[in-house]
Amino acid sequence: MAAPYKLTYFNMAGRAEPIRLAFAYGGIAYEDERINFPDWPARKPTTPLGSMPYLTFGDGSTLTQSFAILHFAGKLAGLVPESPLELARADEVLGVIEDVIVPFASVSREPVEIKKAKRESFAAEGAPRFLAYLERRLHDNGGQFYVGQSLTIADLASYNAVTNFRSGFFDFVSPSLLDPFPLLRAHADHVRAHPRLAAHFAAHSK
């Protein structure tokens, strides 16, 4: 029997990783379709919006936008808060993470000199403000989770962002960017150690 969902993205973590983690946490069957970069130009015109990730359902319909897919997978997995305020808090974290990631990601195709200058500038003057806000959110909620006392989609998204910075995913952005934020680093370790995510990490560890 075919999996009821097919998640399509590049063969990397990127924007799809929190979605994959949500499916893994919930034990939800899905097809993890990973596109190699050389195959993307030919594949791009066949996608709903010329971008990834996107989710395909059994009837052939699709869902685009990474946060929408994350909400869907998170709801299935029990990772979306029921309380309107807690849901808003989780969405706030997703928005702040977007604010800190997009300025780095958006210059990926710029000439090297421009990319270097823009990334180093934002790492020095912009990113720390957003990371400090996330650090405070964790602190105010006890340090282990952003919302409530269990894992939510906010925690998965934060793990992914912190892991990107730690790994040097963005060239010209030093992992030392995270040095002033011990709770963010410890939180990512806490998420990675969750027993319901162990199989995913074992299968896709670098």
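A: Gladly, and keep in mind that this model is predicted. The largest pocket is lined by 34 residues, and those nearest its centre are Tyr-9, Met-12, Gly-14, Arg-15 and Ala-105.

Q: How much space lies in the largest pocket, and which element gives the most to its lining?

A: The space in the largest pocket comes to about 900 Å³. Helix α4 gives the most to the lining, with six residues. At least two residues each come from β1, α1, α3, α4, α5 (112–125) and α7.

Q: How does the lining of the largest pocket divide by class?

A: Sorting a lining by class shows what kind of side chains a pocket presents. Here the lining of the largest pocket holds 19 nonpolar, eight polar and seven charged residues.

Q: Which residues line the largest cavity, and which helix gives the most?

A: The lining consists of Ile-97, Val-100, Leu-131, Leu-134, Ser-158, Ala-161, Val-162, Phe-165 and Leu-184. Helix α7 gives the most, with four residues. The helices that each supply at least two residues are α4 (84–105), α6 (127–140) and α7 (153–167). By class, this lining has eight nonpolar residues, one polar and no charged.

Q: Is helix α1 mostly covered or mostly open?

A: An α-helix has 3.6 residues a turn, so residues three or four places apart point the same way. Helix α1 (residues 17–26) is mostly covered, with eight of its 10 residues buried. These are Glu-17, Pro-18, Ile-19, Arg-20, Leu-21, Ala-22, Phe-23 and Tyr-25. The cover includes β1 (5–10), β2 (31–35), β3 (54–57), α3 (66–77), α7 and α9 (198–204). After α1 comes Gly-27, with a positive phi near 65°.

Q: Why does Arg-20 count as buried?

A: Arg-20 counts as buried because its relative accessible area is 0%, and the cut-off is under 20%. Arg-20 sits in helix α1. Not counting residues up to four places away in sequence, Arg-20 touches Leu-7, Tyr-9, Phe-10, Met-12, Ala-13, Tyr-30, Asp-32, Arg-34 and His-200.

Q: Stepping back, how many helices and strands does the chain have?

A: The chain has nine helices and four strands. From the N terminus, the order is β-α-β-α-β-β-α-α-α-α-α-α-α.

Q: What is the radius of gyration of the chain?

A: The chain has a radius of gyration of 17 Å, which agrees with a compact globule because 206 residues would give a value near 17 Å. Along the principal axes, the C-alpha atoms fill a box of roughly 50 × 45 × 30 Å. Of the 206 residues, 42% count as buried. Among contacts with a separation of 6 or more, 64% join residues 24 or more positions apart.

Terms used
Residues numbered from 1 in each chain as written. Predicted model: local features only at pLDDT ≥ 70, side-chain atom pairs only at ≥ 80, totals over all residues. Heavy atoms only, no water. 1 Å grid on protein atoms, 1.4 Å probe; cavity = no way out; pocket = protein on both sides within 12 Å on 5 of 7 lines; lining within 4 Å. Nonpolar A, V, L, I, M, F, W, Y, C, P; charged D, E, K, R; others polar. Buried < 20%, exposed > 50% of the residue type's maximum accessible area, 1.4 Å probe, protein only. Contact = heavy atoms within 4.5 Å. Points joined across faces, edges and corners; volume = space filled by probe spheres on them. Rg over C-alpha atoms; globule rule 2.2 N^0.38 Å.
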